[in-house]
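Dear colleague,

I am handing over a structure for you to look at.

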Amino acid sequence: MNENIDKKLVGYITASIPDNNFTVDLALSMKEAGVDTLELGVPFSDPVADGPVIEKANLIALQNGFKLKDLFEVSSKIAPNMDTLWMGYMNPFYSYGVENFLQKAEEFGITGTIIPDLPYEMADNYTALYKKYNKASIAFVAPTHTENRIKKVVSNAQKFIYMVAYAGITGSGQKEDLTSVIANVRKYTNTPLYIGFGVDEKTCQEKVKGVDGVIVGSAFVKHIIDDSLSNNDKISKITSLAKEIKEKINQ
């Protein structure tokens with residue numbers, strides 16, 4: 001792998017907090033700051049893979065009255081201007097209808113979905129639908145996966161592979177040796193490999209070694225839910241953080 005290739009930054013934000021206009025303004029500012037792909041979070045009451053920061057953001061959005069129409073409204077303004085994925089849990093997708101979601105994704109220009117609680121075997125049931133609408137269903141690999149499991153999961157991976165940095169929840173900052181996981185992924189696919197969980201301005205340089213990009217969530221969202229900041233201050237802090245991370249992963 002050529003380490004001089006531009007390393008990518010994927011940024012997660014929870015949709016519609018404190019409101020839809022803020023989400024749009026923030027997303028487009030993040031693009032200007034160097035975020036290559038936006039993970040637009042679909043608020044859900046039980047975000048099992050996420051730590052306390054993103055969980056709190058989800059609950060605030062729901063308490064504020066978030067509905068799927070809000071997701072669609074912000075998506076219609078963000079996705080035409082930057083590469084955008086929907087990140088959420090299976091329940092809302094299933095309740096609304098996976099094909100209905102994919103039709104909406106097509107309408108707005110959303111390029112795919114990240115659904116952490118959708119196991120590979122279950123995701124396989126939707127492969128034809130995703131193909132029909134030319135959308136990516138992002139595959140996950142974890143330190144606990146065997147080589148055979150990795151081979152199966154990455155064989156038809158699209159867009160990028162989400163490598164979980166450790167077994168646990170986002171934002172907890174644990175550390176594991178991922179050398180063998182990375183080697184096994186590289187053995188079976190050329191699809192870009194991005195690392196998430198515990199990535200921030202302090203850890204990004206170490207974590208990006210051997211992979212093609214980083215996924216950052218809690219480090220951004222903690223500013224969104226900081227009530228001591230004005231909306232302009234939130235955007236300023238998040239964009240400067242995005243610039244710092246983007247620069248560091250490419251040093």
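Which residue lies over the face of F72, and at what distance from the ring centre? The residue is K104, at 5.2 Å. A charge counts as sitting over a ring if NZ of Lys or CZ of Arg is within 6 Å of the ring centre and within 35 degrees of the ring normal.

This is a predicted model, in which local features need pLDDT of at least 70 and side-chain atom pairs count only at pLDDT 80 or more, while totals for chains, interfaces and linings use all residues. Residues are numbered from 1 along each chain as its sequence is written, and side-chain values use heavy atoms, with hydrogens and water left out.

Rings of Phe, Tyr and Trp (its six-membered ring) pair if their centres lie within 6.5 Å; planes under 30 degrees apart are stacked, over 60 edge-to-face, and the rest tilted. By this rule there are eleven aromatic pairs. One of them, F44 with Y89, is stacked, at 6.0 Å centre to centre and 25 degrees between the planes. F44 is in the loop between β2 (37–41) and α2 (52–63), and Y89 in the loop between β3 (83–87) and α4 (90–96), so the pair ties together parts 45 residues apart in sequence. Helices (H or I, at least four residues) and strands (E, at least two) are DSSP runs, numbered from the N terminus. F44 is buried at 15% relative accessible area, and Y89 is buried at 1%. Buried means under 20%, exposed over 50%, and partly exposed in between (1.4 Å probe, protein chains only).

The F72 and W86 pair is tilted, because the ring centres are 5.8 Å apart and the planes are at 50 degrees. Both F72 and W86 are buried.

Regards
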